[in-house]
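Here's a quick briefing to read with the model open in your viewer. Have a look at the structure first, then work through the points below.

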Amino acid sequence: MRATLPLTVLAVVAEEETYGYAIAQRLQAAGLGAVKGGTLYPVLNRLEQEGLVTSSWREGAGGPGRKFFTVTPHGRAHLAERAAAWHTFTERAAGLLPSVGSPR
Amino acid sequence: MTTGTDTYRRELVQALRTGNVPPERIGEIVAEVESHVADTGEDPREAFGPAREYAAGFRRPRSRWSAAARPAPTLLGALCGFLVGNGVVGLVDGEPALGMPAWVVLTAGAVLWIPSLVAVLRLSVPVPDPRTGRSITPAPGPVATAVGMGATLVAVAVACWGLAVLTS
């Protein structure tokens with residue numbers, strides 16, 4: 001889970017421009033479990049440092065400001081590349097693993 | 001804002017400053033925490049862990065120079081007070097201070113006040129809040145700091161003068 005977090009967070013940001021809490025909710029809704037703020041923001045910061053996302057603070061409706069994250073063209077290219085590698089890897093690994101319910 | 005968030009902010013700013021994180025970065029990190037818990041309704045400690053541990057992930061190596069400069073304000077301030085005190089006592093008693101004319105020691109102490117003020121101001125650079133552009137820490141401004149430090153120095157001088165007059 002930890003290892004795939006940067007890639008899944010990047011995928012969520014690539015879907016649409018969004019902010020921390022909404023990203024955490026999206027990951028949970030996708031069945032990836034609850035991600036604490038203390039884990040999520042360092043990942044977002046790293047993605048930004050690597051130039052894969054950019055961020056900007058925006059005034060909320062009456063509420064406090066929120067930091068919105070947007071994917072960069074480099075981030076999109078990186079996501080496509082890593083996603084392809086991930087699928088190749090999982091297909092190969094799945095070929096070695098017994099299928100669910102089959103005798104060992 | 002709750003007291004829990006206020007305490008957490010103070011602890012986090014302090015831990016990040018100690019970890020040599022630049023002020024702009026500190027402002028970002030603090031604003032992220034506060035904006036997130038405002039959305040989730042969590043206690044910051046629950047969502048981000050103890051401030052010191054969360055700050056440790058952002059720590060930056062300190063250059064030898066800046067590490068050496070950390071105790072500078074305290075040392076300079078202590079030296080400044082020491083020289084002024086000795087100078088005042090020497091003047092009152094009409095005797096040399098530290099083997100030098102008392103007025104030289106007093107002047108040296110008074111002049112040393114400037115670098116110690118600069119050192120204090122350099123270490124307490126305000127942290128900007130990226131949401132508002134204002135300072136996130138209710139730190140006293142440069143003028144207030146200068147007045148406060150000046151008043152302390154005058155108080156030291158007056159106290160030494162009083163003591164010298166009483167004992168001579």
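**Where the two chains meet**

Chain A and chain B share 4 salt bridges between them. Keep in mind that this is a predicted model. The contact takes 14 residues from chain A and 17 residues from chain B, and the two chains bury about 1400 Å² between them. Beyond the contact, there's a pocket lined by residues such as B:N20 and B:R62, plus a cavity with lining residues from both chains, among them A:Y19 and B:E32.

**The A–B contact**

- Of the area that chain A and chain B bury between them, 54% is on carbon and sulfur atoms.
- On the chain A side, A:Y21, A:Y41 and A:W57 lose the most area to chain B, and together they make up 41% of what that side buries.
- Which parts of chain A supply at least two residues each to the side that touches chain B? They are α2 (20-29), α3 (37-49) and β3 (66-71).
- The largest share of that side of chain A comes from α3(A), which gives 5 residues.
- By class, the side of chain A that touches chain B splits into 6 nonpolar, 5 polar and 3 charged residues.

**The largest pocket**

- The largest pocket comes out at a volume of about 610 Å³.
- Several chain B helices give two or more residues to the pocket lining, and the list runs α1 (3-18), α2 (23-40), α5 (64-69), α6 (72-93) and α7 (102-123).
- α7(B) provides the largest share of that lining, with 5 residues.
- Sorted by class, the lining of the largest pocket has 12 nonpolar residues, along with 4 polar and 4 charged ones.

**The cavity**

- How many cavities of 30 Å³ or more does a search of the whole structure find? The search finds 1.
- The largest cavity has a volume of about 40 Å³.
- From chain A, the lining of the largest cavity includes A:Y19, A:G20, A:Y21, A:Y41, A:R66 and A:K67.
- From chain B, the lining includes B:E32, B:S35, B:H36 and B:D39.
- Two or more lining residues come from each of α2 and β3 of chain A, and from α2 of chain B.
- α2(B) gives the most to the cavity lining, with 4 residues.
- By class, the residues around the largest cavity are 3 nonpolar, 3 polar and 4 charged.

**Salt bridges across the whole structure**

- Over all chains, the search finds 10 salt bridges.
- One of them sits within chain A, where the side chains of A:E15 and A:R26 meet at 2.9 Å, N to O.
- A:E15 lies in helix α1 (residues 5-15) of chain A and A:R26 lies in helix α2 of chain A, so this pair ties together parts that are 11 residues apart in sequence.

Technical notes: Residues are numbered from 1 along each chain as its sequence is written. Chains are lettered from A and ligands numbered from 1 in the order in which they are written. This is a predicted model: local features need pLDDT of at least 70, side-chain atom pairs count only at pLDDT 80 or more; totals for chains, interfaces and linings use all residues. Side-chain values use heavy atoms; hydrogens and water are left out. Contact means heavy atoms within 4.5 Å. Buried area is the accessible area (1.4 Å probe) that two parts lose on being put together, summed over both. Ala, Val, Leu, Ile, Met, Phe, Trp, Tyr, Cys and Pro count as nonpolar, Asp, Glu, Lys and Arg as charged, and the others, Gly among them, as polar. On a 1 Å grid over the protein atoms alone, a cavity is a set of points where a 1.4 Å probe fits but cannot get out, and a pocket is an open set with protein on both sides within 12 Å along at least five of seven lines; lining residues have an atom within 4 Å of a point. Grid points are joined across faces, edges and corners, and a volume is the space filled by probe spheres set on the points.
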